[in-house]
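Let's take a walk through this model, one region after another. Have the viewer open and follow along.

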Amino acid sequence: MAGFSELIKNFGKTRDYIRDFFIYGCKVRSDFDRKSLRTYSDEKRRVESWMGDYMRYDDSVHGRSVSISVDSGHIPENPLYNAFYSKSFTDNDMLLHFLLTDILSDGEYRALKDIVDELNSEYSMLFDEQTVRNKLKEYTQEGLVLSEKRGKTLYYSLCGDRADEYISHFEVLDDALKYFSEVQHFGVIGNSILKTAGMDNDLFFIKHNYIIHTLEDILIPEILSGMEEKRYITLQTFSAKKRSDSDDNGREAQVVPMQILVSVQTGRQYLAAYIPAVKRFSSFRLDYIKTIKKSTVCENYDELKAKYEKNISRCFGVSFGTRRETGTVTPMKITFCVDEDKEPYIIERLNREKRCCTLEKIEENLYTLTADVFDPNEIMHWAKTFIGRIVNIEGGTSDIIQRFYNDIIRMEEMYGGDSDEHIQ
């Protein structure tokens, strides 16, 4: 029976477990139904070894639930970065790594054949050329090794760039590095450079730092590459409500990537894309995407991009509604009552958060927000934060208006003091 190993081969599986079970789920052992309980124990031990100081255990009648609890304003480093630093390797991988770096450490360029011969003569290690070639190719892509073509032959040398020397050469570069190691999107790169240089972030503590979304950085390079090369990409997504074995493989969809949208309120990230099968734009939550694979070149990418730019200007959030490439938007008008003398901050907030809508003063203490958007339901979620100031709602769809009034009735039942006086 294979023993437990902290190292991983598949980061996607680890990402799933950390996100669904330890962050979103806060579940007990019996809730784990994807694999065997042994798998649960292995994953739990891995997460504990990476984030032991941030694990929280709560006992209940259903069992002990395990979750990750972190206050981003009090930690200098995102602990989820540790998940990126675990990777499986074989004994030969390790041996070849140290031997190659030793051979190439003098900075001289060598051909593949010379390196293989030196491995055999100096270290009595017999590796076939293909194994060494693949390892050198991997290191070249990661920037550890430089390659130079002379005639038809590639020559290799160890890269002489050192992070600590580079950082010391430029004043305040270390401060910039510390800052960008903790911001969203590829902060793990800055963090790994800091670790390489033997440094830690001791300057920046970010209160509203949505650290969970760093797990989605594994998808973003493929998306950005697809956009740059104007290609189709194939997404494998899953439903948040159907996380069972039958849904474990997810669903596939071929899309044309347009833009990555990030919520400044929640940090949630979306991929805005065109779906050729249904001829419409849509948004996909990145934390519900398992894998992304680039496909063929999209011949009419520029034409779709132009349509997207026109469409996104009519989105209040990330929803394109149910419309296709062309169609009409749903107009909506909401009137707010604001005391201009005592509540100027409300007017400032309306102006600041109105996005693609138009705000007009129609008379003293009355302001009208006019929207022509694809999905007016997104506006209502925001408008409900102004409860008590909404005077009138016009337009939209009947379902949305009715849902708003139903919510008001439910609130009155809960807090009105008539039927449930004990609820305050």
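Glutamate 148 is partly exposed, at a relative accessible area of 31%, in a model that is predicted. You'll find glutamate 148 in strand S4. Leaving aside residues up to four places away in sequence, glutamate 148 touches Tyr109, Thr153, Leu154 and Tyr155. Tyrosine 109 is the one to click on here: tyrosine 109 and glutamate 148 are 39 residues apart along the chain, yet their C-alpha atoms are separated by 8.1 Å.

Now zoom out to the sheet around that spot. S4 belongs to an open sheet of three strands, ordered S3-S5-S4, with antiparallel pairing. Strand S3 (110–111) and strand S4 (145–150) sit at the edges with a single partner strand each, so one side of each has no neighbour in the sheet. S3 and strand S5 (residues 153–158) run antiparallel and are joined by two bridges. To see that pairing residue by residue, look for arginine 110, which stands opposite tyrosine 156 in S5.

The largest pocket has a volume of about 1800 Å³. It is lined by 41 residues, and those closest to its centre are Lys87, Tyr139, Glu142, Leu144 and Ser192.

Of its 22 lining residues, Ser263, Gln265, Phe316, Gly317 and Arg355 are the closest to its centre. Strand S7 (251–262), helix H11 (344–353) and helix H12 (376–383) are the elements that give two or more residues to this lining. H12 makes the largest contribution, four residues. By class, the lining of the second largest pocket has seven nonpolar, eight polar and seven charged residues.

On to the packing. Which residues touch the most other members of the largest nonpolar core? Among its 31 residues, they are Leu235, Val256, Leu271, Tyr308 and Phe320. The elements giving two or more residues to this core are H9, strand S6 (231–237), S7, strand S8 (269–275), strand S9 (280–285), strand S10 (289–297) and helix H10 (301–312). S8 supplies the largest share of this core, six residues. For a closer look, pick leucine 235: not counting residues up to four places away in sequence, leucine 235 touches Arg251, Glu252, Ala253, Val255, Leu271, Phe284, Ile289, Thr291 and Ile292. There's also a second, separate core of 23 residues, including Val338, Ile347, Tyr367 and Val373.

Finally, a couple of backbone angles for your notes. Lysine 230, in the loop between H9 and S6, has a phi near 55°, a positive value in a residue other than glycine. Is lysine 230 buried, exposed or partly exposed? Its relative accessible area is 32%, which puts lysine 230 in the partly exposed class. Valine 172 is not a glycine either, but has a positive phi of about 60°. Look for valine 172 in the loop between H6 and helix H7 (173–180).

Note on methods
Residues numbered from 1 in each chain as written. Predicted model: local features only at pLDDT ≥ 70, side-chain atom pairs only at ≥ 80, totals over all residues. Heavy atoms only, no water. 1 Å grid on protein atoms, 1.4 Å probe; cavity = no way out; pocket = protein on both sides within 12 Å on 5 of 7 lines; lining within 4 Å. Points joined across faces, edges and corners; volume = space filled by probe spheres on them. Nonpolar A, V, L, I, M, F, W, Y, C, P; charged D, E, K, R; others polar. Pairing = 2+ DSSP bridges. Core = buried A, V, L, I, M, F, W, Y, C linked by side-chain atoms within 4.5 Å. Buried < 20%, exposed > 50% of the residue type's maximum accessible area, 1.4 Å probe, protein only. Contact = heavy atoms within 4.5 Å.
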